Amino acid sequence: MEKVILTVAPTGAWPTKKETPYVPLQPEEIAAEVFACYQAGASVAHIHVRDDEDKASMSFEKFEKTVRLIRERCDIVLNLTTSGGLGLSDEERMKPFMELKPEMASYDCGSMNWGHSSVFINSPSFLEKLGMTMKEIGVKPEIEVFDAGMVYNAEYYLNKGILDSPPHYQFVLGAPGGMSATVENLVFLKSRIPETATWSALGIGKGHLPILYTSLALGGNIRVGMEDNIYYSKGVLAKSNVEFVERAKRIAAELGKEIATPDETRELLGLRRQTI
Ligand code: ZN
């Protein structure tokens with residue numbers, strides 16, 4: 001059966017306990033949730049952490065604890081964010097993956113306005129440094145694309161040898177200031193990447209299901225979780241990230257596809273197994 005990589009992004013930078021009491025925010029909660037998602041069949045965990053006030057953070061201590069607690073429980077592929085908050089230094093953004101050596105980390109391939117009051121900055125010098133460092137220590141970049149220009153920006157870094165081939169993309173659709181979560185946009189983006197590339201996609205909020213179905217139909221991989229969407233259905237909060245994992249697994253099965261195990265994911269993406 002065709003294998004599909006299912007990433008779960010349980011936390012993200014934005015949802016608060018006020019918006020949903022079910023979002024896991026501190027290391028023990030995140031690790032327990034990731035383990036439950038692993039048991040439900042998730043292939044990869046995309047990790048963000050929060051500070052003691054539950055705000056978006058790149059705290060190394062929180063990452064260290066979270067990663068350790070997950071690794072004690074299971075061998076799910078780890079993908080750490082490099083953008084857990086705005087206005088952070090390059091060093092703060094890079095330290096978690098440099099020290100903890102997950103198999104993957106996010107590579108946000110350009111800057112954009114984030115909504116109407118902030119700017120998500122990924123400067124040329126940061127992207128160059130980030131790409132070279134990931135290459136050096138064997139962490140696979142997940143090229144996050146929020147807008148079409150970022151695909152062309154990635155092409156530049158691929159041509160320059162800062163990103164290795166074959167690349168892996170994550171199309172993030174429906175972010176405030178980015179491309180909207182429509183079937184047409186995903187079809188277009190998918191047509192612009194190298195033939196040898198692997199890719200995954202997600203829609204934020206109500207775009208979640210249309211993008212999940214489209215991604216599977218186009219032969220892509222998928223991502224679910226409260227980073228992107230806190231509602232299981234209209235007006236109904238998901239009580240756990242596991243609900244999203246289980247639904248994605250059912251949908252994939254209906255399409256004749258099977259979710260890849262962590263080891264199958266390592267093979268599909270050419271990951272080098274990392275240990276502390
Ligand atoms: Zn993220």
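Reply: What follows goes through the spaces and then the contacts that connect to them. The model is a predicted one.

Start with the largest pocket. About 470 Å³ of space lies in it. Its lining has 25 residues. Closest to the centre are Ala-13, Trp-14, Trp-114, Ile-204 and Glu-227. By class, the lining splits into 12 nonpolar, 7 polar and 6 charged residues.

The zinc ion has three protein donors: His-46 through NE2, His-48 through NE2 and Glu-227 through OE. They lie 2.1 Å from the ion. The spacing of these donors in sequence is H-x1-H-x178-E. His-48 and Glu-227 bring distant parts of the chain together, 179 residues apart. His-48 sits in the loop between strand S3 (44–47) and strand S4 (49–50). Glu-227 sits in the loop between strand S13 (221–224) and strand S14 (231–233).

Now the second largest pocket. About 270 Å³ of space lies there. Of its 20 lining residues, Val-139, Lys-140, Pro-141, Asp-164 and Gly-270 are the closest to the centre. Helix H4 (124–137) and strand S10 (140–145) each give at least two residues to this lining. The classes are 10 nonpolar, 5 polar and 5 charged.

Asp-164 also takes part in a salt bridge. Its partner is Lys-135, with the closest N and O atoms 2.6 Å apart. Lys-135 belongs to helix H4, while Asp-164 lies in the loop between helix H5 (148–159) and strand S11 (168–173). Lys-135 is partly exposed at 35% relative accessibility. Asp-164 is partly exposed as well, with a relative accessible area of 45%.

The structure holds 1 cavity of 30 Å³ or more. About 40 Å³ of space lies in the largest cavity. Its lining is Ile-5, Thr-7, Val-44, Met-104, Glu-142, His-168, Gln-170, Ser-200, Asn-221 and Leu-269. That makes 4 nonpolar, 5 polar and 1 charged by class.

Met-104 deserves a stop. This residue is found in strand S7 (residues 104–108). With a relative accessible area of 1%, Met-104 is buried. Beyond its sequence neighbours within four places, Met-104 is in contact with Val-77, Leu-78, Asn-79, Leu-80, Val-139, Lys-140, Glu-142, His-168, Leu-269 and Leu-271. Among these, Glu-142, His-168 and Leu-269 also line the cavity. Val-139 and Lys-140 are among the residues closest to the centre of the second largest pocket.

Leu-269 points on to helix H9 (residues 262–269). Glu-264 is partly exposed, with a relative accessible area of 28%. Lys-3 is partly exposed at 27%.

One more pair joins two helices. Glu-28 and Lys-65 form a salt bridge, with their closest N and O atoms 2.7 Å apart. Glu-28 is in helix H1 (residues 27–40) and Lys-65 in helix H2 (residues 60–73). In all, the count comes to 18 salt bridges.

Technical notes
Residues numbered from 1 in each chain as written. Predicted model: local features only at pLDDT ≥ 70, side-chain atom pairs only at ≥ 80, totals over all residues. Heavy atoms only, no water. 1 Å grid on protein atoms, 1.4 Å probe; cavity = no way out; pocket = protein on both sides within 12 Å on 5 of 7 lines; lining within 4 Å. Points joined across faces, edges and corners; volume = space filled by probe spheres on them. Nonpolar A, V, L, I, M, F, W, Y, C, P; charged D, E, K, R; others polar. Helix = DSSP H or I, 4+ residues; strand = E, 2+ residues; numbered from the N terminus. Buried < 20%, exposed > 50% of the residue type's maximum accessible area, 1.4 Å probe, protein only. Contact = heavy atoms within 4.5 Å. Donors = N, O, S within 2.8 Å, 3.2 Å for Na, K, Ca; no water. Salt bridge = Lys/Arg side-chain N within 4 Å of Asp/Glu carboxyl O.
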